[in-house]
Amino acid sequence: MSKRGRGFVLGCEEDDGDAQTELAQNVEDLRGTLKTNMDQEMEPGLDQVLNKDPGLDQVLNQDPGLDSGDSVDLEDLEDYERRIVVGICAMTKKSRSKPMVQILERLCRFDFIQVTVFPEDVILEQPPENWPLCDVLVSFHSKGFPLDKAVEYSKLRNPLLINDLDMQYYIQDRREVYRILQEEGIDLPRYAVLNRDPDHPEECNLVEGEDHVEVNGEIFQKPFVEKPVCAEDHNVYIYYPTSAGGGSQRLFRKIGSRSSVYSPESSVRKTGSYIYEEFMPTDGTDVKVYTVGPDYAHAEARKSPALDGKVERDSEGKEVRYPVMLTAMEKLVARKVCLAFKQTVCGFDLLRANGHSFVCDVNGFSFVKNSMKYYDDCAKVLGNLVMRELAPQLHLPWSLPMESEDIPIVPTTSGTMMELRCVIAIIRHGDRTPKQKMKMEVRHPLFFELFEKYGGYKSGKLKLKKPKQLQEVLDIARLLLVELGQHTDCEIEEKKSKLEQLKTVLEMYGHFSGINRKVQLTYLRTGKPQASSGEEDCHKEGPSLLLVLKWGGELTPAGRVQAEELGRAFRCMYPGGQGDYAGFPGCGLLRLHSTYRHDLKIYASDEGRVQMTAAAFAKGLLALEGELTPILVQMVKSANMNGLLDSDCLSDSQNRVKTRLHEILQQDQDFGPDHYQKLAPTQSPSLVNSMNLVQNPVKTCDEVHSLIQSLTSQIRQRLETPTAQNLQLYHSESLELMLQRWSKLERDFRMKSGRYDISKIPDIYDCIKYDSQHNASLGLDQTQDLFRLSRALADIVIPQEYGISKEEKLDIAQTYCVPLMKKIQLDLQRTHEDEAVNKLHPLYSRGVMSPGRHVRTRLYFTSESHVHSLLNMFRYGGLLNEEQDAQWKQAMEYLSAVPELNYMTQIVIMLYEDNNKDPSSEERFHVELHFSPGVRGCESESAPQGFGFRPASSENKDKRPDQGSLEDLSQDQPDQALLMSEPISIQRRSPMVRNRKTGSMEVLSECAQSKGGPLRLFSSGSRQSPEFKPNPGLGFEGCSMVPSIFPLETLHNSLSLKQVDEFLHRVCKTQDQDHNRTNAVLMESPAHLRASSEAYLQQFLHSFGGVPSSGPSSPVHESLASSFSFSQ
């Protein structure tokens, strides 16, 4: 880059007095060129950015004692610190826009950069030689901007150009844009150009048919797109075929909340030149990509303007956009576009259709709106670019930051350096409402008809959760109840009380949209076996269906906060933060992600609470903004195939374990040595402690049942008070619903035989834990006793349901998580193999030291069963020998002392590569295993303490939290507590209130102020507002807030990849067809059960004449069914 001349002549006249006057005038002119016209109205905050340098005043106001004709160079005047002047030459609307102001504010934080904004009147009215001087020019065309003058200025002053000016002429012509894109090998929609130019009649051959046009021999069937060749003309038309109604959609630049309108006109325009191209089906979404240099791109999706023309806006009136991830090929496209058009800051449009991505428009200079993270990144990239190019020329004392901040390197326990290659995390979902379940055996032909209709006979089980499916179950329940009411002697075998409960639950809320409810049907070839001698009904012969109705279990606002906060803290597991990012923990990951070297995939089971947890975690991890739903749609993959993260039924082994567990806990006597041997053969301290507290299981169950009765009595009394109707509990629950919850448990826990249904213990603990944390303000008596006793029972029942002996634990664990373990094995193998997926092409990776390297992150969100099973596999599967490995022995002792795998429990596997070792050596790849028991309970003071995160690592020796992985967030800015007297609506913003937008570097810098102490994810206490003072009489201290999360503890940090791979191969190999959880041999459905029940149902609905208003309408019309939407 050649340097422009900096000298000018001060005074040329003969008269010395005039020379002095002229010199003073020249100095004043110089001051005017080096400061911004502050008299013009500008965006708030911009005046602070553009303050003139006080040192410059002293230089310019010095005594002008120079002889006439002396040449004064600016560098001779600079006794002060030299600054690089960045000039902003654009129309006022652009130069003072909010994104520009935000970025300039950050750009001015560079020590040697000063910003000058060219006044619009100077740009329009003054010749380029009178424009302010600058070293770097940011100039771009918009309506009314004199691009010719800007080009002339560039030739005159020769500044460093951020965006090439000559190429901006091409960007104004869509024909040239498409030509350049085609030359670069970038995919475009198929197109043809119609030039209505009298001098070139051969380019104006248009033949229009009813459902197509032929342009210069190229045929385009409707729908097709018609674009003016002038890029400034936004009147783009889309023409529809007659089979779809014909007409056209007319797009235009947004006016208010409209971006297009439908027109019945089907004929193409007859004047002007146009590009005709194929219409690409994008499912109603467009992707806008914003580059800042060839190695950075930010992508956002928005509702396509062609969809219905209505602009989606949020509560603040801003267009709804949400960040999306670019594929490896799309990242290469972004780089090509940036370089081909020579536009450092450049926006372009992507259409994702049919598995491919097509560029359909290049906009030139464009900024992202309302993204603090983008503002931070953009200023950083531009500032570094400017300093890299000009600092050496100007002899500024600025060291070029190396790309080491991109390389995720950590020290090993022996002091050598390793590169992070892979992070795999298995995470349980966040805090949820209590799950509720009802089982019933059904034999009516209508249920068998439904089972067959949706393919239940293929696997012997069926899951129904779509609105139309649930509606059909509701219709059957209503039908049978009416039949029972009209004919008391009819032979309907379904219990009336169960049918009524089925109907009541399905009618809750009046609709199915967004409610977590589902029905599971399992084929029983010989009917349901008799569970105990005390059951009321005798066993019936013949096939039946086991109907399981599940409801509740929705992710709470607290659960969303927990997931988002954990995602934010998870960033700090990724090494980085050196160089420019020093003091900003977690920015290593964000930098890695922005430079395309982070291969991230997020999987979740099909449960709504699990998927929303994954979306909230992703929001915190990647500093995303906005609502969770679009993040979920774009970034979370459903992993419900092949049992990867879902498990629909119990294995025979688990059924046997549950039966034996129930038998032991039904014995009315104190636990003796035999009981400890039968129930706790692994001698787990947490299990033994719970048994010591329970002593006699039957008497403890008596006490628990009595406490539940007391609780329901208190709730009934509250309902009789005048204020009961206005009392709203957490998550919009009412006292009536709370009473229904507890009354059902009261009925179901003690059976008619007088024995207790042990399977209800987890549900009881679930409910009291929920109410103790979220509804403590009710001040119900004896809730602490109920919590303590039910937790002790649950700490026995829940972990032992996954196996009592080590052999049973392994057997059951294989049933649940072998598919997941095979996937983990594949993730680890693909990381160190030569794989082309999600890597930058070396030819396009200037500025990145190792473009072929990337960090693979795989996040698996699932339920408690998979977490228990996977942990059991690591504990008892023979990964290491406790007697021969002291660290593993300590880890096993720690895990044995953990009583509960609570919400947000994490199992984390991290793979590192030591590039100094031989590639074939076992020491080349290094694996670490970490664990956290998740959210802190209401009484976590007795929770076991681990040994910290990477305890033997050298970076922990000096306790410097900004040098490595997990940060101590205890010094983070206090967030507002979730006071349950003010329930938080899901539709509102996250209840964790921050003074600044999450994801900005300012927020991250708050985390960096912690000094000393062990490395922790979260502080030890719950987040709490300053004004909150817990009342011991209203429940448990800290439980009416969002509890914090236990830090990650290292189980082992010196495993070899070979050890882990052999372990995973061994445990997966032993799982064969014997563990297939489906019944392969199913009897054909009896013919008499498949009678014309559909006609019977329709006849009933017709005679019934409608449905109660308390529930959804029956989907007898397809249009009705399609109006429902159900969150999966």
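Select Asn-216, which is found in the loop between strand E9 (212-215) and strand E10; helices (H or I, at least four residues) and strands (E, at least two) are DSSP runs numbered from the N terminus. The model is predicted, with local features requiring pLDDT of at least 70 and side-chain atom pairs counted only at pLDDT 80 or more, while totals for chains, interfaces and linings use all residues. Residues are numbered from 1 along each chain as its sequence is written, and side-chain values use heavy atoms, with hydrogens and water left out.

Phi of Asn-216 is near 50 degrees, a positive value in a residue other than glycine. Most residues other than glycine have a negative phi, and most peptide bonds are trans. Asn-216 counts as partly exposed because its relative accessibility is 33%; buried means under 20% relative accessible area, exposed over 50%, and partly exposed in between, with a 1.4 Å probe and protein chains only.

The peptide bond that joins Lys-222 and Pro-223 is cis, with omega about 5 degrees.

Six strands form an open, antiparallel sheet in the order E7-E15-E11-E12-E13-E14. Its edge strands, E7 (191-194) and E14 (258-263), each pair on one side only; two strands pair if DSSP finds at least two bridges between them. Neighbouring strands of this sheet are turned by 20 degrees against each other on average, direction ignored, where axes are lines fitted to C-alpha atoms, for helices over the stretch in contact, and angles run from 0 to 180 degrees between N-to-C directions.

The cysteines are the next stop. The structure holds zero disulfides, a disulfide being a pair of cysteine sulfur atoms within 2.5 Å. For Cys-346, the nearest cysteine sulfur is that of Cys-338, 6.6 Å away. Cys-346 counts as buried, at 0% relative accessibility. Cys-1068 also counts as buried, at 5% relative accessibility. The closest cysteine sulfur to that of Cys-1068 belongs to Cys-817 and is 8.1 Å away, too far for a bond.

Now select Trp-742. In the largest nonpolar core, which has 89 residues, Trp-742 and Leu-828 touch the most other members. Such a core is a set of buried Ala, Val, Leu, Ile, Met, Phe, Trp, Tyr and Cys residues joined through side-chain atoms within 4.5 Å. Not counting residues up to four places away in sequence, Trp-742 touches residues including Ile-708, Leu-711, Ile-764, Cys-767 and Leu-786, contact meaning heavy atoms within 4.5 Å. A second, separate core of 43 residues includes Leu-592, Phe-617, Leu-624 and Val-855.

Continue to helix H28 (residues 864-876). Its 13 residues should span 18 Å at 1.5 Å a residue, and the end C-alpha atoms are 18 Å apart, which agrees; the expected span is 1.5 Å times one less than the number of residues. H28 is mostly covered, with 13 of its 13 residues buried. Gly-878 follows H28 and has a positive phi, near 90 degrees.

Finish at Met-904, in the loop between helix H29 (886-897) and strand E30 (906-913). Its phi is near 65 degrees, a positive value in a residue other than glycine. Met-904 counts as buried because its relative accessibility is 0%.
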